Amino acid sequence: MSEKEAGRQIMRELMGAGYVEAKDKKRNSFNVLLNEYSEEVCFGRVWARPGIDRKMRSILNIAMLTALNRPAQLRHHLEGALNNGCSVEEIQEILLQSAVYCGLPAAGEAFRVAEEVLREHGCLS
């Protein structure tokens, strides 16, 4: 399996087939290079490595995307974290820890995004 194929498979497993299909529909001659980089390098090489499990990679991504204040990407990786076995309590603790080290504004936005994702997945009432 090529790195691109492996990357696409990992993205499906993390975020669902609908995510990959939606990305494909948005693909064009301008963004194709970035999409291929994401598939081959980010997911096909790094996410495929055996050094740490996918749940830990999700935990790291939640913290980093909170620090960078990237809510759109955070949304996708929160969905992936749920698929990788992160509990609501673990996500809450990751975001609380991020509040201390990344600041309240960044963590507040991350909590808002997480609440939306958790409600959509039936994890919050």
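I looked up T66 and, leaving aside neighbours within four places in sequence, found it in contact with L74, L95, S98, A106, A107 and A110; contact means heavy atoms within 4.5 Å. The model is predicted, so I kept in mind that local features need pLDDT of at least 70, side-chain atom pairs count only at pLDDT 80 or more, and totals for chains, interfaces and linings use all residues. Residues are numbered from 1 along each chain as its sequence is written, and side-chain values use heavy atoms, with hydrogens and water left out.

**T66 and the cores**

I placed T66 in helix α4; helices here are DSSP runs (H or I, at least four residues), numbered from the N terminus. T66 counts as buried because its relative accessibility is 1%; the cut-offs are under 20% relative accessible area for buried, over 50% for exposed and partly exposed in between, with a 1.4 Å probe and protein chains only.

I then took L74, which touches I62, L65, T66, A110 and V113, not counting residues up to four places away in sequence. L74 is also listed with I62, L78, I91 and L95 as having the most contacts inside the largest nonpolar core, which has 15 residues. Such a core is a set of buried Ala, Val, Leu, Ile, Met, Phe, Trp, Tyr and Cys residues joined through side-chain atoms within 4.5 Å. Two or more residues of this core come from each of α4, α5, α6 (88-102) and α7 (104-120). I noted that α7 gives the largest share, five residues. A second, separate core has eight residues, among them I10, Y19, V20 and F43.

I91 lies in helix α6 and is buried at 2% relative accessibility. Outside four places in sequence, I91 touches I62, L78, L82, C86, A114 and L118. I checked I91 against R70: they are 21 residues apart in sequence and 16 Å apart, C-alpha to C-alpha.

**Helix α3**

I found a kink of about 25° in α3 (residues 32-47), centred on S38; the bend is the angle between axes fitted to the seven residues ending at a residue and the seven starting there. The buried residues of α3 are N35, S38, E39, V41, F43, G44 and W47. Their cover includes α1 (3-15), α2 (17-26), α4 (54-67) and α5 (71-83).

How accessible is E39? Its relative accessible area is 0%, so E39 is buried. Beyond four places in sequence, E39 is in contact with E3, K4, G7, R8, M11, D24, R27 and G44.

**Largest pocket**

I read about 740 Å³ of space for the largest pocket. Its lining has 26 residues, with S38, C42, F43, Q73 and H77 nearest the centre. α2, α3, α4 and α5 each give two or more residues to this lining, and α3 gives the most, nine. I noted the lining of the largest pocket as 14 nonpolar, seven polar and five charged residues.

**N69**

I looked at N69 in the loop between α4 and α5. Phi of N69 is near 55°, a positive value in a residue other than glycine. Most residues other than glycine have a negative phi. N69 is partly exposed, with a relative accessible area of 41%.

Conventions: 1 Å grid on protein atoms, 1.4 Å probe; cavity = no way out; pocket = protein on both sides within 12 Å on 5 of 7 lines; lining within 4 Å. Points joined across faces, edges and corners; volume = space filled by probe spheres on them. Nonpolar A, V, L, I, M, F, W, Y, C, P; charged D, E, K, R; others polar.
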